[in-house]
Amino acid sequence: MVADATRMDGKVVLITGGAGGIGAATARLLARRGAQVAIADIAFAAARALAEELPGSLAVQLDLEQAESIEAMVARTREHFGRLDVLHNNAALLGPEIAANDTDVERMDTLLWDRTYAVNVRGTMIACRAALPHLRESRGAIVNTVSNLALQGHLIQAAYSSSKAAIIQMTRAIAASHGVHGVRCNAVAPGMTMTPALREAFPAPLREAVEAETLRDQLGDPEDIAEAVAFLASDAARNITGQVLVSDGGCSSHVPGIGLFRQFFAGDHA
Ligand SMILES: NC(=O)c1ccc[n+]([C@@H]2O[C@H](COP(=O)([O-])OP(=O)(O)OC[C@H]3O[C@@H](n4cnc5c(N)ncnc54)[C@H](O)[C@@H]3O)[C@@H](O)[C@H]2O)c1
């Protein structure tokens, strides 16, 4: 029988922001595929509740703004499980208040910019730096979550989107430096994904605007992004490194304004 390379039996996966949204869906999927999962989050009670649901998993307290907290997260995971095979940098500085103040560059608040880069870029770098010696040992992988906004211009979220673009280049740099040591590093770029938080907070007209640009008949779920992460984390992706896998229902793959074209050609190509 041919082994299923997407299975994660015997592997230890550390997920930042693992208690909520896409991170929690990924923790559940990887646990179903046989991995032991460390769920690291600033929301520790939620991380613990999920860890109780997933046998053999571990909840870890994490604040990505604090370098010591990130280093302690990696050390705790390595100490608890005795190995580390995958680091999944999923957490980011998010939330309605952050999004409302993250506008265009002319109106940018310097403190918000710095905080965004501290959590998203510096936090990811420190986690990778701490994990790499262990990943070299296990010939493991890093999967960084970025965003389709890192690849396209928008009216809003200049700090968030440019920080995610920085993570893409960090992904390539790590892939280039550590490939010869057996470590792969890739990124997943979700489009708008209907997490519980977003379902509650995102204005309906803007959601409809994104739906009009989507090539499938619905927006992605956290489980869709989890599938992309799980693939890149697994041996099924052993020949893939330094890449960005976009999971956005085709939003970023077509000419601008396809929603309007769809209405114009209704009946022919719709
Ligand atoms: N949902 C989307 O539409 C979407 C689209 C593109 C990219 N993404 C990316 O996907 C990833 C997950 O997003 P989500 O929508 O599931 O978000 P979410 O808010 O549902 O979950 C994020 C998790 O990260 C944790 N977190 C936040 N700040 C932290 C910190 N300083 N230290 C430790 N943990 C922290 C939160 O407690 C939460 O559990 C993020 O990187 C986000 O940028 C999401």
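Predicted model: local features only at pLDDT ≥ 70, side-chain atom pairs only at ≥ 80, totals over all residues.
The secondary structure of the protein chain consists of 10 helices and 7 strands. Its radius of gyration is 19 Å, close to the 18 Å that the globule rule gives for 270 residues, so the chain is as compact as a globular protein of that length. Along the principal axes, the C-alpha atoms occupy a box of roughly 60 × 55 × 35 Å. Of the 270 residues, 48% count as buried. Among contacts between residues at least 6 apart in sequence, 70% join residues at least 24 apart.

The largest nonpolar core comprises 38 residues, and those with the most contacts inside it are Leu14, Met73, Leu87 and Ile142. Two or more residues are given to this core by each of the strands S1 (12-16), S2 (36-41), S3 (58-61) and S6 (184-190), and by each of the helices H3 (67-81), H5 (110-138) and H6 (158-178). Helix H5 provides the largest share, 10 residues. Apart from this core lies another, of 29 residues, which includes Val13, Val37, Val188 and Ala226.

His88 is found in strand S4 (residues 86-89). This histidine counts as buried because its relative accessibility is 1%, under the 20% cut-off. The side chain of His88 reaches the backbone oxygen of Val143 at 2.9 Å. Val143 is also among the residues that His88 touches, together with Leu14, Ile15, Thr16, Thr26, Thr145 and Val229, when residues up to four places away in sequence are not counted.

The buried residues of H1 are Ile22, Gly23, Ala24, Ala25, Thr26, Ala27, Leu29 and Leu30. The elements covering these buried residues include strands S1, S2, S4 and S6, as well as helices H2 (44-53) and H9 (222-233). Thr26, one of the buried residues of H1, is touched by His88. H1 is followed by Gly34, whose phi is positive, near 105°.

The model contains 0 disulfides. Cys128 is in no disulfide, and the nearest cysteine sulfur, that of Cys185, is 5.6 Å away. This distance is too far for a bond, because a disulfide requires the two sulfur atoms to lie within 2.5 Å. Cys128 is buried, with a relative accessible area of 2%, and Cys185 counts as buried at 0% relative accessibility.

Gln157 is located in the loop between strand S5 (141-145) and H6. At 17% relative accessibility, Gln157 counts as buried, since the cut-off lies at 20%. With residues up to four places away in sequence not counted, Gln157 touches Ala99, Asp102, Thr103 and Leu149.

Definitions and conventions
Residues numbered from 1 in each chain as written. Heavy atoms only, no water. Core = buried A, V, L, I, M, F, W, Y, C linked by side-chain atoms within 4.5 Å. Buried < 20%, exposed > 50% of the residue type's maximum accessible area, 1.4 Å probe, protein only. Helix = DSSP H or I, 4+ residues; strand = E, 2+ residues; numbered from the N terminus. Polar contact = N/O pair within 3.5 Å; in protein donor to acceptor, adjacent residues only side chain to side chain. Contact = heavy atoms within 4.5 Å. Rg over C-alpha atoms; globule rule 2.2 N^0.38 Å.
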